[in-house]
Amino acid sequence: MVDKAALQAEAARLQSIFMAAGAEPVDPDLLLPAEMLLDLYGEDIRARAYVTDDPERGEMMLRPDFTVPIAAMHASMGAGPACYTYTGQVFRKQPVGVGRPNAYLQVGFEKFDRTAPIKADAEMFALFSRTLNVTTTRAVVGDMGLLLAAIDTLSTTPTRKAALRRHVWRPRRFRALLDRYTGQTPMPKGRAALIAAVKAQGATPLIAAAAPEIGLRTTQDIVDRVTALVADYAVPPISSTEAGVLHTLLSLRAPLPAAYERMCDLRADMPGLTPALDQFATRMEALEQIGIDTTTLYYEANFGQTTMEYYDGFVFGFLAPHRPDLPPLATGGRYDALTRALGGGAHIVMPAIGGVIRPDLVLQAMAKTTADTKGAP
């Protein structure tokens, strides 16, 4: 258990560093319109967020994070260059039995600027690295832009690409879809008969005769979905070559320069990766120019898949190697697509990157480091 006074003092220390870096303190609402979050994440967000009803404002959610409300606030203010910092609690449902808190304190930094996004990536990583130098950490980085670029360049239908993009932050579902689209998963029992029946009779009479309408979906909704599924099963599978590239990208773990060399080898099979790899190389150079030793900085391809699902580019995290039981002390990343979505796609919306630190985890990691130091001979 972390002492409350120590927790508040650590949060104040962290935020003072972010303010010294030029960030303006902000305090987003505790309750957010559910519609905004549902539009961004879909119904899946209900499994992670606490939902309530307000007699005037309608369905609301306790904030599951700060980035979305701050990005929305920034877009409403004209979306010029800006930096913000904040401290406060977020609320998330946790799986049964994991023992993680449902509410915890975050301190964060968000930067909106289009002048040099890749330089901003490197500077944000360096800022968090300096801020966490009070304890031992292991930094990891990833790049969701590479995986998204690989999906976009696949030789398959827009529908399949959209499905893969939608589930890219849900690793199990993503791999299940990939196995299906590459023909690795056999057609479920009875599916062939259903497809044959739909082709012979048409979806509308088949669905209409099956049962009366219940729930929110209409018969036409179900007909459209069945028709789309039948059409999808007629699409040729994604080639083993392209699937191999995706599997390699998903499993790659290596120091940053070695990871880059390995990914460059994939360009022969998937040339569409070239722009994203060029950005990767430029970012690596930017990190080195500000003093980051990239040979000891580990790239973990799937790290971005397990962070917040609005990250669509560079992602980073700081772990406590001496406390493997703890979640990351800090996480962050680039979320340009989120700012476009909240700004209605307007060109004035700024590219953005940000990150959060959990002061409770920092204190626990510091306590372990102190104890180890005292116990050393």
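# Close-up views of helix packing and selected residues

**View 1. Helices α6 and α7.** In this predicted model, the axes of helix α6 (residues 158-166) and helix α7 (residues 171-181) come within 9 Å and cross at roughly 155 degrees. Axes are lines fitted to C-alpha atoms, for helices over the stretch in contact, and angles run from 0 to 180 degrees between N-to-C directions. Helix α6 is therefore roughly antiparallel to α7 (angles over 145 degrees count as roughly antiparallel). The crossing of α6 and α7 is left-handed; a crossing is called left-handed if the near helix is turned anticlockwise from the far one by less than a right angle, and right-handed if clockwise. Arg160, Ala163 and Leu164 of α6 make the contact with Phe174, Leu177, Leu178 and Tyr181 of α7, where contact means heavy atoms within 4.5 Å. By class, the contact of α6 with α7 has six nonpolar, no polar and one charged residues. Ala, Val, Leu, Ile, Met, Phe, Trp, Tyr, Cys and Pro count as nonpolar, Asp, Glu, Lys and Arg as charged, and the others, Gly among them, as polar.

**View 2. Helices α5 and α6.** Helix α5 (residues 144-152) packs with α6 at an angle of about 165 degrees, and their axes are 9 Å apart. The two helices, α5 and α6, are therefore roughly antiparallel to each other. The crossing of α5 and α6 is right-handed. On α5 the contact involves Leu148, Ile151 and Asp152, and on α6 it involves Lys161, Leu164 and Arg165. The residues of the contact of α5 with α6 comprise three nonpolar, no polar and three charged.

**View 3. Helices α5 and α11.** The axes of α5 and helix α11 (residues 240-251) come within 10 Å, with a crossing of roughly 170 degrees. Helices α5 and α11 are therefore roughly antiparallel to each other. Leu146, Leu147, Ala150 and Ile151 of α5 make the contact with Leu246, Leu249 and Leu250 of α11. By class, the contact of α5 with α11 has seven nonpolar, no polar and no charged residues.

**View 4. Asp179 in helix α7.** Asp179 is found in helix α7. Asp179 is partly exposed, with a relative accessible area of 27%; buried means under 20% relative accessible area, exposed over 50%, and partly exposed in between (1.4 Å probe, protein chains only). Not counting residues up to four places away in sequence, Asp179 touches Gln184, Thr185 and His247. The C-alpha atoms of Asp179 and Ile238 are 9.4 Å apart in space, and these residues are 59 residues apart in sequence.

**View 5. Gly142 in strand β7.** Gly142 is found in strand β7 (residues 138-143). Gly142 is buried, with a relative accessible area of 2%. With neighbours within four places in sequence left aside, Gly142 is in contact with Tyr299, Glu300, Gly313, Phe314 and Val315. Gly142 and Tyr298 are 156 residues apart in sequence, and their C-alpha atoms are 8.6 Å apart in space.

**View 6. Pro328 in a loop.** The loop between β10 (314-319) and β11 (330-334) holds Pro328. Pro328 is partly exposed, with a relative accessible area of 27%. Apart from neighbours within four places in sequence, Pro328 is in contact with Phe318, Leu319 and Leu361. A C-alpha separation of 9.4 Å is found for Pro328 and Thr137, which are 191 residues apart along the chain.

**Context for the views.** The protein has 15 helices and 12 strands; helices (H or I, at least four residues) and strands (E, at least two) are DSSP runs, numbered from the N terminus. Of its 377 residues, 46% count as buried. Among contacts between residues at least 6 apart in sequence, 71% join residues at least 24 apart. The protein exposes about 18,500 Å², and carbon and sulfur atoms supply 55% of it; accessible areas come from the Shrake-Rupley method with a 1.4 Å probe, and for residues only the protein chains shown count as cover. Residues are numbered from 1 along each chain as its sequence is written, and side-chain values use heavy atoms, with hydrogens and water left out. In this predicted model, local features need pLDDT of at least 70 and side-chain atom pairs count only at pLDDT 80 or more, whereas totals for chains, interfaces and linings use all residues.

Key:
Angles under 35 degrees count as roughly parallel, over 145 as roughly antiparallel, 65 to 115 as roughly perpendicular and the rest as oblique.
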